[in-house]
Protein chains: 2
Amino acid sequence: MTKATNKPRWSIGELARELDITTRTIRYYEDMGLLSPERKGQTRIYSPADRVRLKLILRGKRLGFSLEESRDLIEMYSPDGTNNRAQLSAVLDKIEARRAQLAQQLRDIQATQQELDEAEQRCRQAMSELES
Amino acid sequence: MTKATNKPRWSIGELARELDITTRTIRYYEDMGLLSPERKGQTRIYSPADRVRLKLILRGKRLGFSLEESRDLIEMYSPDGTNNRAQLSAVLDKIEARRAQLAQQLRDIQATQQELDEAEQRCRQAMSELES
DNA sequence: GCATACGTTTACGTTAACGTAAAGTGCAAA
DNA sequence: TTTGCACTTTACGTTAACGTAAACGTATGC
């Protein structure tokens with residue numbers, strides 16, 4: 001027996017509103033091969049999986065990734081046509097490389113946070129010294 | 001008495017080689033108002049402070065910041081023409097906003113790291129199952 | 001029947017962040 | 001002196017990631 005609960009679907013406009021992007025952007029990601037929603041006639045219909053992929057892309061953008069990089073990442077998550085040992089090994093290498101990049105970004109964030117702390121200190125100091 | 005030790009200086013080529021960027025890039029940052037090195041005649045001469053600013057820009061790039069954003073950040077670090085209370089208060093607001101963004105990026109990194117962990121698990125699992 | 005709202009494709013426009021090439025300057029070694 | 005290297009300016013070219021506009025289908029309410 002299959003589940004009776006119909007899975008939720010979204011229109012392009014609904015997703016755009018929810019994620020605060022334009023429909024143009026969503027269609028562009030599809031053109032770039034990052035999404036491939038179902039079609040009901042001409043109209044695009046997005047599944048929960050499509051929505052997840054879209055959110056992953058937006059998360060990548062917040063981290064400064066290019067669409068190409070996000071596509072790469074998402075492909076690592078989904079175990080699709082990766083069957084032979086050489087391919088799996090290549091994926092492991094890619095994962096390791098990404099990990100190194102993320103570690104670098106983490107260090108960069110921490111350094112920036114610390115400098116913001118110091119800047120705030122100096123700022124508050126200047127304000128307190130400003131009171132005659 | 002002033003320090004007798006002459007402070008180190010760099011040519012544009014030296015900095016480019018050290019930081020693995022092109023001289024074009026460094027000049028572009030100057031055009032955008034992110035750097036303003038001394039000149040000896042026509043030739044640019046970079047101080048340790050210039051070098052720090054350049055490194056800050058590159059760190060910003062690794063975090064996906066635009067040059068505009070990096071310029072903003074660097075201005076927060078250097079307490080230049082910020083004298084009156086309104087300006088200082090505005091800087092504090094900017095600092096807070098940056099902090100929020102960095103916190104979001106940190107969450108994004110952690111989520112990505114975790115998904116990489118899971119992807120690696122599945123990958124290794126697939127490899128072990130591949131041994132007949 | 002017609003406006004309104006949503007969807008579609010096609011296509012040209014825009015911006016940031018450089019790349020690349022041309023043409024010239026200044027100095028040091030051969 | 002000329003060759004070569006590093007520096008300079010000017011200016012046009014390029015790419016990613018969309019924005020924007022035109023022109024068109026389709027359903028829904030009045």
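How many residues does the contact take from chain B and from chain A?

1. **Extent of the contact.** The contact takes 41 residues from chain B and 41 residues from chain A. Contact here means heavy atoms within 4.5 Å.

2. **Basis.** This is a predicted model: local features need pLDDT of at least 70, side-chain atom pairs count only at pLDDT 80 or more, and totals for chains, interfaces and linings use all residues. Residues are numbered from 1 along each chain as its sequence is written, chains are lettered from A and ligands numbered from 1 in the order in which they are written, and side-chain values use heavy atoms, with hydrogens and water left out.

3. **Buried area.** The size of an interface is often given as the accessible area lost when the parts come together. Chain B and chain A bury about 4,000 Å² between them. Of that area, 66% is on carbon and sulfur atoms. Buried area is the accessible area (1.4 Å probe) that two parts lose on being put together, summed over both.

4. **Polar links between the chains.** Between chain B and chain A there are 16 residue pairs in polar contact, both residues being at pLDDT 80 or more. A polar contact is a pair of N or O atoms within 3.5 Å; within protein, one must be able to donate a hydrogen and the other to accept it, and residues adjacent in sequence count only if both atoms are side-chain atoms.

5. **The chain B side.** Helix H3 (48-62), helix H4 (67-77) and H5 of chain B each supply at least two residues of the side that touches chain A. H5(B) gives the largest share, 28 residues. By type, this side of chain B divides into 21 nonpolar, eight polar and twelve charged residues. Ala, Val, Leu, Ile, Met, Phe, Trp, Tyr, Cys and Pro count as nonpolar, Asp, Glu, Lys and Arg as charged, and the others, Gly among them, as polar. Helices (H or I, at least four residues) and strands (E, at least two) are DSSP runs, numbered from the N terminus.

6. **Salt bridges.** The count over all chains is 28. Between chain B and chain A it is eight. A salt bridge is a side-chain nitrogen of Lys or Arg within 4 Å of a carboxyl oxygen of Asp or Glu. One example is B:Asp108 with A:Arg62, at 2.7 Å from N to O.

7. **A:Arg59 and B:Glu115.** These two form a salt bridge, with the closest N and O atoms 2.5 Å apart. A:Arg59 lies in helix H3 (residues 48-62) of chain A and B:Glu115 in helix H5 (residues 85-129) of chain B, so the pair joins two chains. A:Arg59 is buried, at 10% relative accessible area. B:Glu115 is partly exposed, at 23%. Buried means under 20% relative accessible area, exposed over 50%, partly exposed in between (1.4 Å probe, protein chains only).

8. In chain A, A:Arg99 and A:Glu96 meet in a salt bridge (3.6 Å, N to O). They are three residues apart in helix H5, and therefore separated by about one helical turn. A:Arg99 is buried at 19%, whereas A:Glu96 is partly exposed at 46%. In chain B, B:Glu120 and B:Arg124 form a salt bridge at 2.9 Å, N to O. Both lie in helix H5 of chain B, four residues apart, about one turn. B:Glu120 is buried at 16%; B:Arg124 is partly exposed at 46%. Salt bridges that share partners join A:Glu96, A:Arg99, B:Asp117, B:Glu120 and B:Arg124 into one network.

9. **B:Arg99.** This residue lies in helix H5 of chain B. B:Arg99 is buried, with a relative accessible area of 19%. Not counting residues up to four places away in sequence, B:Arg99 touches A:Gln113, A:Leu116, A:Asp117 and A:Glu120.
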